[in-house]
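Here is a short report for a first look at this chain. Keep the model open while reading.

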Amino acid sequence: MGMFSKLRMSLRAKMLLVVIIPTLVLLVVLGFLATKQINRMLQGKAQVVATSFSSGIMSEVRSALDNDLSYARKLSLELSKIQLKSAENLSAPFANVLKAELSGQPRYSALWVFLEEESQSDAQPMLIRSAYSVAINRSSGEFIEGSRLLGTDQYLQAYLRTISNNQESIIDPHLQVYDDANKNYIVSVCSPIKIGTIRGFVAVDVPVAHFQEAIEREMPYHNTMAQMLSASGVVIAHSNPLLVGETLYQLKPELEVIYNLSDKLMKGLPYAFRWSE
């Protein structure tokens, strides 16, 4: 009797193992597939939310930059009416106009004009270039006048293309030092100007802090990162403000290798990809 009972329990245990183990395996597999499906759905939703978020920000920034270009165009038209004998000594003819304009434009850190002309002497023709800027300390209202520096050769060439192409342009963010106490990363919005035989451009400097506000105002998810890039990959705004002015290819060269982002940025193509660290 005892042996029969033991045999019956052994058969029952085996049957339980035969049923339970496959059931457990099935539940684990189903749980894994369900988790994977949920993760896929969450990732898809996150991508939709991120795309919507970036589209909203870009629409806002595009509208603001359109207004900046309109203002630069209007200022260029106004300054082109000023009688000017040469491209040198620009402070006298432009100072009062630029100061008055800048006082009423809290968005901008500086307004400036860059002009060039060929000398009319009998000797070797020479290109005369000069720039005049008016910056403002917003906390004190004090004006800072000076000969605006165009920065490194990279930015100098970008500025000069505004003249050679005779078209409006937006210059990538770069550090502009007005004086020891006023240093800003700015985006310059430029519009060409022509006064007689003298040509050049008028520019407004927009602090990147305005773009940073748009990035920081609302984040779709906690502990996420957002950044705004120019067409050449320069960081205009970032969840980490210390990275402004860097290039995406320096920060994440692997993204360029995997996704060829530079081509998509230059063409202005909408593009979504997944990346985690």
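Is aspartate 68 buried or exposed? Aspartate 68 is buried, with a relative accessible area of 1%. Buried means under 20% relative accessible area, exposed means over 50%, and partly exposed lies in between (1.4 Å probe, protein chains only).

## Basis of the model

This is a predicted model: local features need pLDDT of at least 70, side-chain atom pairs count only at pLDDT 80 or more, and totals for chains, interfaces and linings use all residues. Residues are numbered from 1 along each chain as its sequence is written, and side-chain values use heavy atoms, with hydrogens and water left out.

## The chain as a whole

The chain has seven helices and eight strands. Helices (H or I, at least four residues) and strands (E, at least two) are DSSP runs, numbered from the N terminus. The chain holds 277 residues, and 35% of them count as buried.

Among contacts with a separation of 6 or more, 51% join residues 24 or more positions apart. A contact means heavy atoms within 4.5 Å.

## Salt bridges

The count comes to four salt bridges. The rule asks for a side-chain nitrogen of Lys or Arg within 4 Å of a carboxyl oxygen of Asp or Glu. One of them joins arginine 107 and aspartate 68, at 2.9 Å from N to O. Arginine 107 lies in the loop between helix 2 (91-103) and strand 1 (110-118), and aspartate 68 in helix 1 (residues 2-79), so the pair ties together parts that are 39 residues apart in sequence. Arginine 107 is partly exposed, at 21% relative accessible area.

Another salt bridge pairs arginine 73 with glutamate 168, at 2.5 Å from N to O. Arginine 73 sits in helix 1, and glutamate 168 in the loop between helix 3 (153-164) and strand 4 (169-179). They are 95 residues apart, so far as the chain is counted, and the pair links distant parts of it. Both partners are partly exposed: arginine 73 has a relative accessible area of 40%, and glutamate 168 has 30%.

A further salt bridge brings together glutamate 116 and arginine 199, at 3.3 Å from N to O. Glutamate 116 is in strand 1 and arginine 199 in strand 6 (residues 198-207), 83 residues apart. Glutamate 116 is buried, at 5% relative accessible area, whereas arginine 199 is partly exposed, at 39%.

## One face of helix 4

Helix 4 covers residues 209-217. Its buried residues are Phe211, Gln212, Ala214 and Ile215. Seen down the axis of helix 4, they fall within an arc of 155°, so they line one face of the helix. The arc is that of the directions from the helix axis to the C-beta atoms. An α-helix has 3.6 residues a turn, so residues three or four places apart point the same way.

## A nonpolar patch

Which residues make the nonpolar surface patch of about 250 Å²? Leu175, Val177 and Tyr185 do. Patches are made of residues with over 30% relative accessible area and no salt bridge; like charges are joined within 9 Å, and nonpolar side chains (Val, Leu, Ile, Met, Phe, Trp, Tyr) within 5 Å. Valine 177 belongs to strand 4 and is partly exposed, at 41% relative accessible area.

## After helix 7

Alanine 272 is in the segment after helix 7 (261-267). Alanine 272 is partly exposed, with a relative accessible area of 37%. Its C-alpha atom is 10.0 Å from that of tyrosine 259, 13 residues apart along the chain.

Notes
Accessible areas come from the Shrake-Rupley method with a 1.4 Å probe; for residues, only the protein chains shown count as cover.
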